[in-house]
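I opened my notebook for a look around this one. Below are my entries, in the order I made them.

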There are 2 protein chains.
Amino acid sequence: MTRVAVLGAGSWGTVLAAVLGDSGCRVALWARSPEAAARLQVERRDARAAPALVLPASVSPTAEVDVALDAAEIVLFVVPTGAMREVAGRAGPSISAGAMVVSCAKGFEPDSRLRMTEVLAAAAPALEGRITALSGPNLAGEIAEGHPAAAVVAGSNPEATLAVQAALSSTRLRLYTNGDVVGVEYGGALKNCIAIAAGVADGLAMGVNGRSALVARGLAEIARLGVAAGAQALTFSGLAGLGDLIATCTSPRSRNYQVGVNLAAGRSLPEIARLLGHVAEGVNTTAVARSLAADYHVRTPVIDGVYEVLYRQRPVQEVLHELMAGPPGDEFADLLGSGR
Amino acid sequence: MTRVAVLGAGSWGTVLAAVLGDSGCRVALWARSPEAAARLQVERRDARAAPALVLPASVSPTAEVDVALDAAEIVLFVVPTGAMREVAGRAGPSISAGAMVVSCAKGFEPDSRLRMTEVLAAAAPALEGRITALSGPNLAGEIAEGHPAAAVVAGSNPEATLAVQAALSSTRLRLYTNGDVVGVEYGGALKNCIAIAAGVADGLAMGVNGRSALVARGLAEIARLGVAAGAQALTFSGLAGLGDLIATCTSPRSRNYQVGVNLAAGRSLPEIARLLGHVAEGVNTTAVARSLAADYHVRTPVIDGVYEVLYRQRPVQEVLHELMAGPPGDEFADLLGSGR
């Protein structure tokens, strides 16, 4: 019976804890607030995040990080990207020497622009060599309802990825391994920017043809930027690239897609944050992606367009029109070095 | 005023004729039956194929191939794959010496397994060097309604692709060029097999996560098979690969997707053909793809699964279960030569 600690009791953390608990793991689920932990202990569910889901008896909610980590063989960090460093710093010293660590957050640290596994390594250097990332088309609500899903465990150390795969795989969550952690993390993070664009396109009733063209051009941008950062191009054709992108861009359940739909309706970012009750990861990721693209000299017109709408209040119609205008040339000229 | 002949007055041919007529071309639209041509001449629309669309005055329907081809500078073949050879043989001798030719059909010739541009070249050898293929996320109904779309003009001769791009591009149809005609034709054809699988997944309410994983694995198969046939891997990340795949797998308007939905409901292929009023291209393409995969020694589990359901009447649940079972390994092991 593998002992797993899930740090973070948002919707994804709660669903992961339940799925792992159902598949034979003994799971400690850490919630930041004692009230949230107590509620989960009593109610055994999170009505807001995943109404369909009941925590099995094998899942123990707690607000004490040390209790959650006690004897844990696998530690999942399922916190927002902005909280990763702090939680890793708090948890790091209590993680057992042989335990493997998994980042389940998709995005970059705002100022440092580090990937989440890099933040984990920086905040808890003792974890070096034991850090992996979990990513894929994993809408939490669907997994809560019992639909099977697949994902990728990525890391540079095969011993770590294989251990995590072996411990967490089940019929409800098929886990593949991938050695390209840069690609898996870039795919998971950047797809949120394209999901905002897809939401805008659908909000403006642009049609499936137009949205599909936008998403395809968006994946090319993700791949370009990822490869510039050291990723393997192939990864972007996989579950954590294309797979996650399609899921996020076609499901109304995606938070980032919802941001786009609301932008298309003319709402401002603060209004949207109030309306949805959260700031979707893609909003911060778009700013980081734009800055990375500038440093790597990579053209990212879709991401730039999303940035213009989010941070410079440019009207969505204008930006979309600009994206669709201009003479189209050779489809891959910009990838093949001719500059357009 | 470019003179264009559109051979084939199905929904895609009719919509293309209208879009080109609206954007300043003078278009002859050839319908096989004199009755259909006469009806289009009088009614100026095809109520069944594209109710939203009215043919502009610049479009002249005719049932005479020679009339349609008279002085045409661009000739579009918009016929089912099974009719391409016959129509090309009939039209070939009447095509002007300098005219460029465009295949708008997506699939293979059943017995020869030739791509459509290969069929054109075989049936009308004088066209050599002037043959291109048009492909992309182009649901005809959406374009008829005025939504803008993008596509790729592919051919090995840049003179031909640039001429077609220049003649046919408009704000409603953005045309990129691509020199990889094998990749563009494989992408357009094979995506129909994956669309059948996506329809099955949705018909069985498998969820967006599962469908997205299936589509991502499907694109990997398409790319693998295409590359084995001489295509560039990059093409499958573009409009004619990923773009068309997403559109076809996520829109209920896609005929091939509808075949999948009906298979999931337990209907047989003949029943589905009766119900939908046509045999979708993906049905034949799946048989050809499976045979090509065997010859090229390429693993195509999703396409094989669709084949089993279509041609061996295996229950969809059983095949889908098999696809989701088995130990997942390294995500790209099968692409990287280790054999699984």
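**Nonpolar cores.** I began with the largest nonpolar core, which has 93 residues. By definition, such a core is a set of buried Ala, Val, Leu, Ile, Met, Phe, Trp, Tyr and Cys residues joined through side-chain atoms within 4.5 Å. Buried here means under 20% relative accessible area, exposed means over 50%, and partly exposed lies in between, with a 1.4 Å probe and protein chains only. L263(A) and L263(B) touch the most other members of this core. I then listed the partners of L263(B), leaving out residues up to four places away in sequence: I196(B), V200(B), I272(B), V309(B), L310(B) and V316(B). A contact is counted when heavy atoms lie within 4.5 Å. Apart from that core I found another, of 41 residues, with W12(A), A37(A), A149(A) and L175(A) among them.

**Ground rules.** I noted that this is a predicted model, where local features need pLDDT of at least 70, side-chain atom pairs count only at pLDDT 80 or more, and totals for chains, interfaces and linings use all residues. Residues are numbered from 1 along each chain as its sequence is written, chains are lettered from A and ligands numbered from 1 in the order in which they are written, and side-chain values use heavy atoms, with hydrogens and water left out.

**Chain A as a whole.** I counted 15 helices and eight strands in chain A. These are DSSP runs numbered from the N terminus, with helices being H or I of at least four residues and strands E of at least two. The radius of gyration of chain A is 20 Å, close to the 20 Å from the globule rule for 340 residues, so chain A is as compact as a globular protein of that length. That radius is taken over C-alpha atoms, and the rule is 2.2 Å times the number of residues to the power 0.38. The C-alpha trace of chain A spans about 60 × 40 × 35 Å along its principal axes. Of its 340 residues, 60% count as buried.

**One threonine.** Is T161(A) buried or exposed? T161(A) counts as buried, at 4% relative accessibility. I found T161(A) in helix α7 (residues 158–168) of chain A. Not counting residues up to four places away in sequence, T161(A) touches T132(A), V153(A), A154(A), G155(A), T177(A) and N178(A).

**Salt bridges.** I used this rule: a side-chain nitrogen of Lys or Arg within 4 Å of a carboxyl oxygen of Asp or Glu. The count over all chains is 30. R90(B) pairs with E86(B), their closest N and O atoms being 3.2 Å apart. Both sit in helix α4 (residues 84–91) of chain B, four residues apart, about one turn of the helix. R90(B) is partly exposed at 42%, and E86(B) is partly exposed at 37%. E308(B) meets R314(B) at 3.5 Å, N to O, and E308(B) is buried at 15%. In chain A, shared partners join E308(A), R312(A), R314(A), E318(A) and E322(A) into one network. Within it, E322(A) and R314(A) meet at 2.9 Å, N to O, and E322(A) is exposed at 52%.

**The interface.** How many residues does each chain bring to the contact? Chain B gives 53 and chain A gives 53. The two chains bury about 4200 Å² between them, 60% of it on carbon and sulfur atoms. Buried area is the accessible area (1.4 Å probe) that two parts lose on being put together, summed over both. R174(B), N209(B) and E331(B) supply 17% of the area that chain B buries against chain A, more than any other three residues. I looked for salt bridges across this interface and the rule finds zero.
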